[in-house]
Amino acid sequence: MSSTIDYAEVGLICGLEVHQQLLTERKMFCRCPAGRYTRTHDGEVLRHMRPTLSELGEYDGTALMEFKTKKNIIYLLHKENVCTYEMDDTPPFLVNQQAVDVALEQSLMLNCDIVDEVHIARKQYLDGSIPTGFQRTAIVGVNGRLPFRGRELSIVQVSVEEDSCREVSDRGHLVVWRTDRLGMPLIETVTGPDLFTPEEAAEAILLIGRVCRSTGHVRVGMGASRQDVNVSVRGGRRVEIKGVPKAGWAVRLVHGEAVRQVNLIGLRDELRGRGFTTADSIAVTSADVTGVFAASELTRLRPDEWERFVKTDSRRSGFELGAGEYCVRAVRLRGLAGTLNWPTQPDLTFAHELAGRIRVIAGLDQAPILYHSEKWPDYRGALQELRKIRSVLQCKPEDGVVVVWGPNEDTQTAVNEIRLRYLDAIDGVPNETRQPFPDGTTDFERILPGPDRMYPDTDSPPTAITRERVQGLKVALAPRPWDREARYAAAGVPARVSHYLIRRGGASLVDRLVAQAGADLKLAGFLIGERLKGLRRAGVPVHQITMERWLELFAALKERPVLGEAWDWIVRPMAESPLLTVREIVDRKLHGPEPADWRAAIPTAVEAVRSRLGGEDRPKLVRASVRGLVRALRGRVPMKDVVAAVTAAVGGHP
Amino acid sequence: MSQTPDPLKGYRGRARETLTRFGVRVWSDVHLENDTGSRFSGVILPRSETFDDLHIVIKMKNGYNVGIHVDRVNGIAEVGYKEAVYKIPEKEFPRQDSLPNVTLLGTGGTIASRLDYRTGAVIPAFTPGELYGAVPELADICNLQTKKLFGVFSENMSVEQYVVLARAIGDEIAAGVDGIVVGHGTDTMGHTAAILSFMVQSSPVPIVIVGSQRSSDRPSSDAALNLIHAVRSAAYCDIAEVQICMFGPTSDRYGLLHRGTRCRKMHSSYRSTFRTIGDIPLAIVGREKFTYLTAEYNRRDRTRQVVIDPVYDDRTTILYYYPGMRPDVVDAIVEKGYRGIVIAGTGLGHVNKPLYPAIKRAVDRGVHVVMTVQTLWGYVQMYVYDTGRDLMNLGIVPLENMIPETALMKLSWVLGHTDDRGEVRRMMLEPVAHEITQREPHNGYLIMQGGLPEIDEWIATHWK
Ligand SMILES: [Zn+2]
């Protein structure tokens, strides 16, 4: 029960599901433009998700849970980026083959075996994130591998699928989704469970990111890539931390989850030790104790406080709120004292696990969601009130107490959910999807769905992938990042710079410059990977510079390497004045080639500076003299020659 | 039904050969290895016969399906066999004496269903027990009985089915049910609603036709809510007529009850596809109550005697007029022995002059020709222009504001009774179930034009 653990000892295992949006013109199953986001909407639809019966005639575990939450779902629509397909009022059109091509490229990059016939499947999601209730998805590649830390990271599969909605709000029983992102094509790359420390997880995310970027056909920017990190420890179970936005977050999240699982296994042993082994052994009873808190100093529980909340937060009965009158419900947990404060994630306890389930499933989301006997708030009358509810519940000292509040029906759902969460605890770690937060903690999102939620999409025919098609893509395939990194490293390009170039797409430019303009790889890597950053940051539209112009520049550089020293002076007008040729820019900015008599003019220039500055601080004199000459000589004479000449001139006057 | 099912269902040619060679079949649990050594573990699925004969489809353990080219199959080893059992769990439908009795008649459309996770096939839930398993809310509404009359797709509904259906409704009414629900595919739901409006007259109880636009295997399906609305309408609604009950808006909000003779499917895929044409719907079916939008309807009355009149002559057709239509089309119809033609004319009910002689020939040969408008909304007013008056002189019967599909159904029904020109004319023009109305209310025609600022504002602030 500690926050520091030995990952190897606890048997930490991670795998990744990396999602990357593709740079296609249109969405995956309709003809809407992809990548056009809006902040407003001009239409709304209200829907509900109803679980469908699975093969065994039972509702799938996730499905059942989602149905219990009885969510009202609102979709925000905007004419600009959605049509009737996204709102599930039109069947899918044929799958976007451009998206399939990018997925094939990605599969080839990862050394995957390409599937011969791609079948669209439906993956059920009942949280409303997709209006149909399922995501259309298809495997295009399997069984890949890539070099990682001197070993291999296995790739289970690469699939192409449609993106989901963006959540706008989730209050009580009402969840609001924006549909602009819905239906955009993305690829999901699933790794094997081959990562053994939090750092490895983060590193692998970056590596796969570079593979995706290497294709040159993916989107960049906020939300364009997201990953799910699957974590388990020995004796635990797979938990999916969903939608980790940045690789760096993975380190704390994976660590936190490992600690959580170790602690939950400890709790399991504790519970079993106390004789909790069967469903019947968990006895949870509850009572309406609204009256106890009618005038409590714990104002959160007072009915008047609730009324104020309902009003100020505009919660409507039967919409955001479940059925029934306001109720404070006290829950007796028989024989479970001491478990509420059981540690889970670093700085969190088992009560947080209960709160997560109550928030999601019962729709009770007013902070802090619950109070409990092992961390009862401190206020005047606290002990008396706690004693009162314990006596109403006929608690014994070995019992724990939880208090929840809200619409009566929701509080009853909460009681049952508490019981179910303890039932899971007897078993150790439940399969869950958890939502990550910037502080490194996670919270319950939903029960992890099983393969039972996948079924064929009868709306879409399969696509045969011909060998010719695969061959064509193979020929045009960009270099794999690890091959490129090795080549760059051999040329002396630092790893940091080559990673940057691959991530930002500069590497393909560098390769073209080397191949077609005969540029030096190290120099091109430095100029494109390092020197361009400053201009980009200054807002210079360097992305508008065409390949032809870059080739022109690097041909000129090859002829006169010294031009590289006037980089900013040349590249800025290249971006801003597309009508000028590189030669014209050089002529205008640089007053011609190396002046034949530049050395002769140095002593005079140094003298002028010396008389202006006075004194005999020689380094200062050198600096000031060189600075004065830059305007006239940069890009014409190598600066190191200028410095040498100036130093000589300064030194000539002791 | 003694035919043995094909163990290689859907596989033809080389794919079939390959499966046979490795001694595996559909539903075999296999390890398949391809030429690069990738292993695919899962169940061999049946294949659609319309797909090529070059791929074997496997549902992998993770739920995804992939197709593997026969040229690349190195080996297939069977490790098990798991046939799909198409059976819905039955739970006994609870009976409560205090609740009304409703009968659901099935025609083949699936309203409730279970999904087969391996094939994606939809297995209809139909018996009360199955329906209860799928839509348990029904038990709070009524005591439900179900009868499967036939299993045909909506587009295959035809004269035999209409007659069987009308008779079955008569039987249920005679047996004393409180309401009848007819499960039906949506494509030709309007046609069935129209013909039933003529074949089943003066019903003492509601007859509610229902279906779904999103099949019930989808979490977002409209099926369950439509079924709940329809069953509630059959059990409690006061309107004892043939009605269609489907979504009002595309949002999960409420259903609308449309009169059987005035309702049309207006979008190929929207949930809110059914619209009353030239009038307003009968009622809104909300979660708690019915909101009646008109007082003009037959009220529920158990003492009223139903008239079942299931006759039909299918030697009828619709002629959808277009500019430049050649007269020989009409001649061809007549020559083939058709007895009735519904023209969907332009504007107020027009066709071009070159057609006149052909129409005259048809009428002279005893064919009954009636006129409706392809604008759907509005009346046939043939006396406005000379052309119209000429047509009437030829013997065409203008059908006021009867919608073309309803006119076809009614003409077929009328021709089942008589061939007498005067009698046909009288019956066609005498409304049985509001198929012709005397007045069109100004809100009976509303196709709001998107893009107009006031309409877009309304759309932005109301759940569609
Ligand atoms: Zn669209």
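Select the zinc ion first: in this predicted model the donors are C30(A) (SG), C32(A) (SG), C83(A) (SG), E86(A) (OE) and E86(A) (OE), at 2.2 to 2.6 Å. Donors here are N, O and S atoms within 2.8 Å of the metal (3.2 Å for Na, K and Ca), and sites may look incomplete, as water is not among the atoms. Along the sequence, the donor residues follow the spacing C-x1-C-x50-C-x2-E.

Next, display C30(A) and C83(A) together with the chain on either side. C30(A) sits in the loop between β1 (13–21) and β2 (43–47) of chain A, and C83(A) in the loop between β3 (72–77) and α3 (97–109), so the pair ties together parts that are 53 residues apart in sequence. Helices (H or I, at least four residues) and strands (E, at least two) are DSSP runs numbered from the N terminus. C30(A) is buried, at a relative accessible area of 5%, whereas C83(A) is partly exposed at 25%. Buried stands for under 20% relative accessible area, exposed for over 50%, and partly exposed for values in between (1.4 Å probe, protein chains only).

The contact (heavy atoms within 4.5 Å) takes 61 residues from chain A and 58 residues from chain B. About 4,700 Å² is buried between chain A and chain B, with 51% of that area given by carbon and sulfur atoms; this is the accessible area (1.4 Å probe) that two parts lose on being put together, summed over both. The interface holds 11 salt bridges, each a side-chain nitrogen of Lys or Arg within 4 Å of a carboxyl oxygen of Asp or Glu. To view a salt bridge, select R50(A) and E137(B), whose side chains meet at 2.7 Å, N to O.

Finally, colour chain B by domain: domain 1 (13–81), domain 2 (101–308) and domain 3 (316–429), with bounds from an automatic or database domain assignment. The centres of domain 1 and domain 2 of chain B, taken over C-alpha atoms, are 42 Å apart.

Residues are numbered from 1 along each chain as its sequence is written, and chains are lettered from A and ligands numbered from 1 in the order in which they are written. Local features need pLDDT of at least 70 and side-chain atom pairs count only at pLDDT 80 or more, while totals for chains, interfaces and linings use all residues; side-chain values use heavy atoms, leaving out hydrogens and water.
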